[in-house]
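Me: Could you walk me through this model, one question at a time? I'd like to start with the helical stretches and then move on to the ligand.

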Amino acid sequence: MLYLLIFVALLILFVGFFIWTAIAGRRHQRRRHVLRAWVTVTIFVATVLYAEGLRYLYSFNKDAQTIHLPFAITSGVIFLVLVLLGWKLQSGNRFRVWHRAAVITFAVMLIPTTITGILLITTAAPR
Ligand code: HEM
């Protein structure tokens, strides 16, 4: 139960930092933005690793897993693209529109990923 609570806390922390990072980006506060972005990336990696650990504590419903995984994988790939585009944006403004589009796409993808993730956890059985 504690493990699950820490996982939920990490998720909330990630969303908070993601929004805080986006605010600095929109305000053109570049140094502040990039600093917050790397903290966000670190929290993201910790959250994914923690999610992997849930497999050892819970046995997931196969159908719920089949529904959740494509959303989770797509979100992960978009996040990686978002970070790479942010990296490129540091040396060329032409990546701005793509970085922004990746941020919006990722934010939208978080909705089905979270909903299907809740379905996965609520139908899981402790091992
Ligand atoms: C981690 C999640 C991230 C979010 C949510 C995010 C969000 C944003 C947003 C909303 C903007 C404003 C774009 C616009 O003009 O509309 C922006 C700009 C920018 N981002 Fe990111 N970003 C992230 C990660 C990164 C990373 C990892 C880097 C670099 C390594 C980066 C570099 C930049 C740069 C250089 C700008 C331009 C800032 C300026 O105008 O001076 N971003 N970002």
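Me: How far apart are the end C-alpha atoms over residues 37-57?
Reply: First, a caveat: this is a predicted model, where local features need pLDDT of at least 70, side-chain atom pairs count only at pLDDT 80 or more, and totals for chains, interfaces and linings use all residues. Numbering runs from 1 along each chain as its sequence is written. Residues 37-57 are 100% helix and 0% strand (helices are DSSP runs of H or I, at least four residues; strands are E, at least two). Their end C-alpha atoms sit 31 Å apart.

Me: Which feature does UniProt place at residues 69-89?
Reply: In the model, this stretch is 100% helix and 0% strand, with end C-alpha atoms 30 Å apart. The UniProt entry is unreviewed, and such annotations may be inferred rather than shown by experiment.

Me: Which helix gives the most to the shell around the ligand?
Reply: Helices H1 (2-26), H2 (30-57), H3 and H4 each supply at least two shell residues. With 6 residues, the top contributor is H2.

Me: How many residues are around the ligand?
Reply: They divide into 10 nonpolar, 8 polar and 4 charged. Gly25, His28, Arg30, Ala37 and Gly86 come nearest, out of a total of 22.

Terms used: Near = placed C-beta within 6 Å. Nonpolar A, V, L, I, M, F, W, Y, C, P; charged D, E, K, R; others polar.
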